[in-house]
Amino acid sequence: MCYAIPGKVIDINNKIVTVEYFGEQKKAINEIDDLKVGDYIYAQGGYVIKNIPEAEAQSILTTWKETFFELQELDLRLSRLDLEKKGIDKKLALILDRAAEDLPLKEADLLHLLNLEDDKQIELLFKVANFLRQKHLGNSCCVHGIIEFSNYCSQGCLYCGISNHNKALPRYRMTKKEIIETAYEAIEKDGFKALVLQSGEDPEYSIDDLSDIVKEIKKRSAVLIFISFGEVGLDGLKKLYQAGARGLLMRFETSNKALYDKLHPGKTLENRLQHLEEAFKMGYLIITGGLIGLPGQAKTDILNDILLTKRLNTEMYTFGPFLPHPHTPLAKVKPPAVKDVLKTLAVARIAGGKDAKIVVTTGFETLYAGAREEGLIAGANSVMLNVTPKKYSENYSIYPGRAHAGEGIQEQIDTTLKVLRDLGRAPTDLGITHD
Ligand code: SAH
């Protein structure tokens, strides 16, 4: 099982290497000391993570080659832009034309897109977003794994089912050894090349404990590690980077300060944003975004969330629906409409960084069974699979009824690969640096 295609190093310029994949060249950051031109490597999120023997690379490339071009062709066909504008108002046609040509749009125009209600018009928005996804990122689709190692949380975020509001939830905490073993299996057996380690804000693990875990995982296997432990402080971020973490997954949740304050007792948006900004400066890849459908949230807030995500130099956008949890203060609030989530993904694709990845979240799949297929043709190009041991994952109950909860990893991999194949997407991460 393989989630990345080997590439051949054709140039090395200090830390930046140029890598060739089936005739296409990409840049990646290298941290392997003895890498040479001519070597074959795996890259993830713009980092070279592993040097692989030529014979192994050639054999993988041979099996991939035909499929790779077939998938590419199918994707190209499905994402062709053939705007049927008959009966579409002139204003929308103009906005979508500009978007398709990569011309900047005014905030009022982006808001117009988020406010669309007519199904036919919304369909055109999705087509343009899908066209732009294909144009800038081709058919590659990131498939990262996530390990949720503790559901203890000292925080009281009003929407969150693992927050300290939920007195009914059985709590679990994986041992260091279990976390390291789980990561090892996910990488070596299931083929994941990028893993997110996530937990509630659990003071039981010190920064040194977390650093040891990251170090040990990286010592045993080649992998890109994203951390998602909440607000560990800037010093904590620094130590975890030194330990080998190269990505930070941390949603700012909402860019509306008043709403943020209401939903996060004792926390500030400022502190959360400082983590994200400083982490980027330290060299972390950033995965961030917000919740869609929070009580009191307006469409202008969603637009501001998208624009803020872009300003934060985000590698991967993560926007998912708020889903009410019965054991939280927001139990009675309704979730958002499916089309509002899809419109957010599409506008993120249009307004966001051109090379940004956009993930279809498990939250969205929980809200709507067709989320993955429809999200991937409305601008998204990434998915995350849950590799937490089954006995724990059912209690990582940030919201109820999580999609794929009862599925084993292999089942998740199989269904994901089928969805991707049907859409002409390749489960790869060909590595694109920030510039
Ligand atoms: N402690 C980490 C991880 C938090 S849980 C941190 O602070 O970043 C991961 C994500 O779950 C949160 O960022 C939040 O956006 C999402 N989440 C929590 N409750 C949710 C709910 N009821 N519906 C949808 N998403 C939720």
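Helix 5 (residues 176-188) packs against helix 6 (residues 207-220) at an angle of about 30°, with 10 Å between their axes. Helix 5 is therefore roughly parallel to helix 6, where angles under 35 degrees count as roughly parallel, over 145 as roughly antiparallel, 65 to 115 as roughly perpendicular and the rest as oblique. The model is predicted: local features need pLDDT of at least 70, side-chain atom pairs count only at pLDDT 80 or more, and totals for chains, interfaces and linings use all residues. Residues are numbered from 1 along each chain as its sequence is written, and side-chain values use heavy atoms, with hydrogens and water left out.

**Helix 5 and helix 6**

- Helix 5 passes helix 6 in a right-handed crossing; a crossing is left-handed if the near helix is turned anticlockwise from the far one by less than a right angle, and right-handed if clockwise.
- Helix 5 contributes Lys176, Ile179, Ile180, Glu181, Ala183, Tyr184, Ile187 and Glu188 to the contact, and helix 6 contributes Asp209, Asp212, Ile213, Glu216, Ile217 and Arg220 (contact means heavy atoms within 4.5 Å).
- By class, this contact of helix 5 with helix 6 has 7 nonpolar, no polar and 7 charged residues; Ala, Val, Leu, Ile, Met, Phe, Trp, Tyr, Cys and Pro count as nonpolar, Asp, Glu, Lys and Arg as charged, and the others, Gly among them, as polar.
- Axes are lines fitted to C-alpha atoms, for helices over the stretch in contact, and angles run from 0 to 180 degrees between N-to-C directions.

**Helix 3 and its two partners**

- Helix 3 (residues 107-114) packs with helix 10 (residues 299-311) at an angle of about 120°, their axes lying 10 Å apart.
- Helix 3 and helix 10 are therefore oblique to each other, and their crossing is right-handed.
- On the helix 3 side, Glu107, Leu110, Leu111 and Leu114 meet Lys299, Thr300, Ile302, Leu303 and Leu307 of helix 10; the contact has 6 nonpolar, 1 polar and 2 charged residues.
- Helix 2 (residues 90-100) packs with helix 3 at an angle of about 110°, their axes being 11 Å apart.
- Helix 2 and helix 3 are therefore roughly perpendicular to each other, with a left-handed crossing.
- Lys91, Leu92, Ile95 and Leu96 of helix 2 meet Asp109, His112 and Leu113 of helix 3, a contact that divides into 4 nonpolar, 1 polar and 2 charged residues.

- A closed barrel of 8 strands runs in the order 6-7-8-9-10-12-14-15, with parallel pairing, and the twist averages 30° from one strand to the next.
- Strand 12 (residues 316-318) and strand 14 (residues 357-360) run parallel and are joined by 3 bridges (two strands pair if DSSP finds at least two bridges between them).
- Methionine 316 stands opposite lysine 357 of strand 14.
- Helix 11 (residues 338-351) lies across strand 12 and strand 14, and runs at about 170° to strand 14.

**Hairpin**

- Strand 2 (residues 16-21) pairs with strand 3 (residues 24-29) in the antiparallel sense over 6 bridges; helices (H or I, at least four residues) and strands (E, at least two) are DSSP runs, numbered from the N terminus.
- Tyrosine 21 stands opposite glutamate 24 of strand 3.
- The hairpin of strand 2 and strand 3 has 2 residues between the strands, and phenylalanine 22 in the turn has a positive phi of about 40°.

**Domains**

- The domain assignment gives domain 1 (7-77) and domain 2 (137-422), with bounds that come from an automatic or database domain assignment.
- The C-alpha centres of domain 1 and domain 2 are 27 Å apart, and 12 residues of domain 1 are in contact with 16 residues of domain 2.
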